[in-house]
Amino acid sequence: MGAFEKIKMGSKKDMVRIWKGMNEEDKDYFVDQVALALSIWGTDNAGKTLVAKVLATLIEDGSENLADFGLYIEEYLSSNGSEKRKGKMERASGIISRYRLKNALSSVPHKEIEL
């Protein structure tokens with residue numbers, strides 16, 4: 001079973017659409033954050049599945065930039081507190097938060113403002 005198999009098809013399509021619209025710098029930030037997460041969570045299927053679940057949370061919340069990945073680890077954890085790798089997720093969240101701060105990335109998700 002692949003990491004993205006349980007993710008809704010609409011969410012997967014949104015991920016691809018968002019990726020295509022991102023600038024190269026944001027793509028690099030996204031890749032860096034996922035790499036940091038996987039270095040802590042593990043590159044096995046369980047680690048990759050956590051990445052997919054965090055991305056699904058990002059999409060469901062309406063973020064329009066995958067570089068917001070690091071902002072959604074805590075969001076995912078708060079709604080799925082019984083996660084097997086919770087300690088590793090919290091550790092990754094802290095490291096990625098410092099990465100985001102160092103690179104002056106937004107602390108607020110990139111979402112459309114609804115009026």
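Author: Let us begin with a term: a contact means heavy atoms within 4.5 Å. Among contacts in this protein between residues at least 6 apart in sequence, 66% join residues at least 24 apart. The model is a predicted one, in which local features need pLDDT of at least 70 and side-chain atom pairs count only at pLDDT 80 or more, while totals for chains, interfaces and linings use all residues. Residues are numbered from 1 along each chain as its sequence is written, and side-chain values use heavy atoms, with hydrogens and water left out.

Reader: How many helices and strands does the protein have?

Author: Helices (H or I, at least four residues) and strands (E, at least two) are DSSP runs, numbered from the N terminus. Here there are 5 helices and 0 strands, and from the N terminus on the order is α-α-α-α-α. The radius of gyration is 13 Å, close to the 13 Å that the globule rule gives for 115 residues, so the protein is as compact as a globular protein of that length. That radius is taken over C-alpha atoms, and the globule rule is 2.2 Å times the number of residues to the power 0.38. Along the principal axes, the C-alpha trace spans about 40 × 35 × 25 Å.

Reader: What share of the residues in the protein is buried?

Author: Buried means under 20% relative accessible area, exposed over 50%, and partly exposed in between (1.4 Å probe, protein chains only). By this rule, buried residues make up 41% of the 115 residues.

Reader: Is M15 buried or exposed, and which residues does M15 touch?

Author: M15 is found in helix α1 (residues 9-21) and counts as buried at 8% relative accessibility. Leaving aside residues up to four places away in sequence, M15 touches F4, I7, A52, L55, A56, I59 and L66. S93, in helix α5 (residues 86-102), is also buried, with a relative accessible area of 4%. With the same exclusion of residues up to four places away, S93 touches I73 and E74. A104, in the segment after α5, counts as exposed at 70% relative accessibility. A104 also has a positive phi of about 55°, although it is not a glycine.

Reader: How many aromatic pairs does the structure hold?

Author: A pair of aromatic rings is described by the distance of the centres and the angle of the planes. Rings of Phe, Tyr and Trp (its six-membered ring) pair if their centres lie within 6.5 Å; planes under 30 degrees apart count as stacked, over 60 as edge-to-face and the rest as tilted. The structure holds 4 such pairs. One of them is the edge-to-face pair of F30 and F69, at 6.3 Å centre to centre with 80° between the planes. This pair links distant parts of the chain, 39 residues apart: F30 is in helix α2 (residues 24-41), and F69 is in the loop between α3 (45-61) and α4 (72-79). Both F30 and F69 are buried.

Reader: Why is the pair of W41 and F69 called tilted?

Author: The ring centres of W41 and F69 are 6.4 Å apart and their planes stand at 50°, so the pair is tilted. W41 lies in helix α2 and F69 in the loop between α3 and α4, so the pair ties together parts that are 28 residues apart in sequence. Both W41 and F69 are buried.

Reader: Which residues form one aromatic cluster?

Author: The cluster is formed by W19, F30, W41 and F69.
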